[in-house]
Amino acid sequence: MAGYLLARAGVEVAVLEKHADFNRDFRGDTIHPSTLQLMYELGLLDEFLKLPHQELRELRAVVNGQVVPVADFTKLPTRCKFIAFMPQWDFLNFLSGHATRFPAFQLHMETEVIDLLMEGSRVVGVRAKTFRGELEVWSDLVIGADGRHSIVHTRAGLKLHEFGVPIDVLWMRMSKKQGDPKQTFGFFQQGKLVVLLDRDDYWQCGFVIPKGGFDEIKTRGLPQFQKDILSFAEFLRDRVAEMDDWSKIKLLTVQINRLREWYRDGLLCIGDSAHAMSPAGGVGINLAIQDAVATANLLADKLRNGPVSVEDLQKVQARREWPTRLIQGMQVFIHRRVVTGKTSDRKESLPFVVRLLKWFPALRQIPARFIGIGPRPEHSFNRGP
Ligand SMILES: Cc1cc2nc3c(=O)[nH]c(=O)nc-3n(C[C@H](O)[C@H](O)[C@H](O)COP(=O)(O)OP(=O)(O)OC[C@H]3O[C@@H](n4cnc5c(N)ncnc54)[C@H](O)[C@@H]3O)c2cc1C
């Protein structure tokens, strides 16, 4: 998104992506109402919505066996009053396809950044590995948007504050059948959680486990693991046997962290590279996109004419840091109280906050705003020279 917006504003951009395609399934599938608003502002919305997707106007969760409404998006002050569920690779293919129409945009796939190029203490580019050998890319600004295992922030020596996360996620696919329930927020059971993402012909299943608990789950064996899945989602009974080999179950380590400084001379980190997000609440994509919009809004005019100063980079962090703090604070809370917290021993009982959401429909607009728009939504206004 940062590459798209900067190229649109007339800044020469090269996006380096280490994989050959965007087809990896470790990310979420949520395109939030604020991102859809941005697509509208960019004149891309109508075409974008022609891609296969699902529109979720109300988010429900299954808590201790009871279906409860969590968020109502229908009253949001946005053009699209829904979350679009779409595999992220479709979104990225769409965006990069449109970006390549700008003469200033280049996309280099299978180009893995392995180091930074320095001139004194200033970052002046990156060294990358390609199938043709190594490549040096010199630039006025390096934007590290390389996710939660960012090589860019590591090589830059930027200090990271880690917030302990008590969970990991087991990630697996299960087939989908006619008559299956619709997409929900998740299946919560006595402080435990399973998430099922509807990917059209299969369910992407996220099974939340205590951090470091995978070995114990393996020791208990696959039949017990299958039973655990069924205790959340009984409708999977006729296909849970698909989980017949541990190689089908991927461990995703969950992190929440934040750089103290998101920049140094010649370098800016955004998205998970600056602040790794947990899947809790499904908001990390939105936050990363809004970082990209703020970056383009604050820096595009200056970048058209050359390097930007450290003070310019500071402004991006200053603008995006408090929304990030707020959302990460909420994620830490969700981990402690909702995902791993102690709930009532009674299997059928609902936590108090969930009961409030059930009783008072108006309250569902609060999570809708938090998830669907987030604090300080960003808008695109830089249309170029
Ligand atoms: C299991 C799980 C589920 C999640 N579910 C959701 C959800 O439903 N909704 C939501 O909003 N958020 C979700 N999140 C959080 C979300 O995935 C992240 O916050 C979001 O993807 C961050 O976007 P990003 O562009 O900063 O980083 P990423 O999406 O991680 O993208 C980084 C990109 O950089 C590339 N890259 C990495 N290293 C290099 C390198 N050295 N050289 C070149 N390219 C490189 C990667 O291949 C990748 O394409 C989830 C997170 C996890 C762990």
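Start with Asp 272: an N or O atom in its side chain sits 2.8 Å from an oxygen atom of the ligand. Keep in mind that this is a predicted model. At Val 113, a backbone N or O atom is 2.9 Å from a nitrogen atom of the ligand. At Gly 284, a backbone N or O atom is 3.1 Å from an oxygen atom of the ligand. As for burial, the ligand on its own exposes 1000 Å², and the protein buries 90% of that.

Now the elements around it. Two of them, β8, residues 112-119, and α8, each give two or more residues to the shell around the ligand. Which one gives the most? That is α8, with 3 residues.

The shell as a whole has 29 residues, and the ones that come nearest to the ligand are Glu 17, Arg 27, Thr 30, Asp 272 and Ile 285. Sorted by class, the shell around the ligand holds 11 nonpolar, 9 polar and 9 charged residues.

Two packed helices are described by the angle between their axes and the distance between the axes. The crossing of α2 past α8 is left-handed.

Which residues meet there? From α2, they are Ser 34, Thr 35 and Leu 38; from α8, they are Asn 286, Ile 289, Gln 290 and Val 293. By class, that contact of α2 with α8 comes to 3 nonpolar and 4 polar residues, with no charged ones.

That is what I have for today.

Definitions and conventions
Residues numbered from 1 in each chain as written. Predicted model: local features only at pLDDT ≥ 70, side-chain atom pairs only at ≥ 80, totals over all residues. Heavy atoms only, no water. Left-handed = near helix turned anticlockwise from the far one by under 90°. Helix = DSSP H or I, 4+ residues; strand = E, 2+ residues; numbered from the N terminus. Contact = heavy atoms within 4.5 Å. Nonpolar A, V, L, I, M, F, W, Y, C, P; charged D, E, K, R; others polar. Near = heavy atom within 4 Å. Polar contact = N/O pair within 3.5 Å; in protein donor to acceptor, adjacent residues only side chain to side chain. Areas by Shrake-Rupley, 256 points an atom, 1.4 Å probe, with all protein chains shown as cover.
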